[in-house]
Amino acid sequence: MKLSKFKFNLPSELIALHPTHNRDEARMMVVHRKTGKIEHKVFKEILDYYGKDDVFIFNNTKVFPARLYGNKEKTGARIEVFLLRELNQDLRLWDVLVDPARKIRIGNKLYFGEDDSMVAEVIDNTTSRGRTLRFLYDGNHDEFKEALYKLGETPLPKYIDRPVEPEDEDRYQNIFASEEGAVVAPAAGLHFSRELMKRLEIKDCKFAFLTVHSGLGNFREIDVEDLTKHKMDSEQMVINPDVVKIVNEGKDGGHHICAVGTSVMRAIETAVSTDGHLKEFEGWTNKFIFPPYEFSVANSMVTNFHLPLSTLLMMTASFGGYDLIMDAYEVALKEKYRFGAYGDAMLIVD
């Protein structure tokens, strides 16, 4: 499978810059894998496709305010620092990306906040993803994290080309987000409102919550035509015994198992046993799913409309079938569906 098979022309006006007013009122395209039928719905109508003992698997990772702006010592040059993950609590070490990278050297100090209240020193330039910063802070770890996060802003994807607004803190986060560690929101889950979750509960649907700390690898450009040569960034994930029990009971009972988002799909396909059952897992995954691929656990999927040449589109095409999904994307362009994290939804069912 070649990279160029996932190229299409996406007009910039179809990239959603803001979420819909209500979470569950985005448009939803329903794609039927077996018949090729395509329906046009509103997201809350997902209720019509699920019933008693059907299982929804969600990613409960929580996005933290990962994007900071600081100034370089002496020159005062403005530097964007994107926090990727904490490496060492005691030493205040963080794995980060810096922009512009060419201006930053080992030993440079960066100052953050109006009163330069937070200082960081560059101690390593050689990590595969960027830099290592050591933050200089006297308080305890909780105080440090609170101070650091006050300086940060919601890390909207770069393709949402506008300043961050107050609503983003709430809306670029799933309502069930609880496990801090992501710098990318699992966007398929953004469509689920409290009211919709309650109505699914009333229908006796089951919910399972695993954790995948979604990283910037989702947006990294693929620079090889042969997809077998692309390496995904690793992401930390946890699947606990409760998730395993709910999912396997649903599967054995012949019920719908719906993966809410590509991060969930990658996680369950990472932790599947040879007999098609989910198993417990705590660790890292760099699984890259592209067509053709045989899925073992889920038989339906919620996802958003993804950008051209993205790994997210490749996984969607793997699950729905390459030809059917690319045809559906043509329909989405004609019907002016909204693309990206704040865009509309696609439900793929049998």
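Mentor: The account below begins with the helices and then turns to the strands and the salt bridges.

The model is predicted, so local features need pLDDT of at least 70 and side-chain atom pairs count only at pLDDT 80 or more, whereas totals for chains, interfaces and linings use all residues. Residues are numbered from 1 along each chain as its sequence is written, and side-chain values use heavy atoms, with hydrogens and water left out.

Helices (H or I, at least four residues) and strands (E, at least two) are DSSP runs numbered from the N terminus. Axes are lines fitted to C-alpha atoms, for helices over the stretch in contact, and angles run from 0 to 180 degrees between N-to-C directions. The axes of helix 6 (residues 311-320) and helix 7 (residues 322-334) come within 6 Å and cross at roughly 120 degrees. Helix 6 is therefore oblique to helix 7; angles under 35 degrees count as roughly parallel, over 145 as roughly antiparallel, 65 to 115 as roughly perpendicular and the rest as oblique. In contact (heavy atoms within 4.5 Å) are Leu-313, Thr-316, Ala-317 and Gly-320 of helix 6 with Tyr-322, Leu-324, Ile-325, Met-326 and Tyr-329 of helix 7. By class, seven of these residues are nonpolar, two polar and none charged; Ala, Val, Leu, Ile, Met, Phe, Trp, Tyr, Cys and Pro count as nonpolar, Asp, Glu, Lys and Arg as charged, and the others, Gly among them, as polar.

Helix 6 also packs against helix 5 (residues 262-270), at an angle of about 65 degrees and with the axes 10 Å apart. Here the crossing is left-handed. Thr-262, Met-265 and Arg-266 of helix 5 meet Leu-312, Met-315, Thr-316 and Phe-319 of helix 6, a contact of four nonpolar, two polar and one charged residues.

Elsewhere, six strands close into an antiparallel barrel in the order 5-6-7-10-9-8, where two strands pair if DSSP finds at least two bridges between them. The twist averages 45 degrees from one strand to the next.

With a salt bridge taken as a side-chain nitrogen of Lys or Arg within 4 Å of a carboxyl oxygen of Asp or Glu, the count comes to 21. One of them joins Asp-53 and Lys-206 (2.7 Å, N to O). Asp-53 lies in the loop between strand 2 (38-42) and strand 3 (55-59) and Lys-206 in strand 12 (residues 206-212), so the pair ties together parts 153 residues apart in sequence.

Methods:
A crossing is left-handed if the near helix is turned anticlockwise from the far one by less than a right angle, and right-handed if clockwise.
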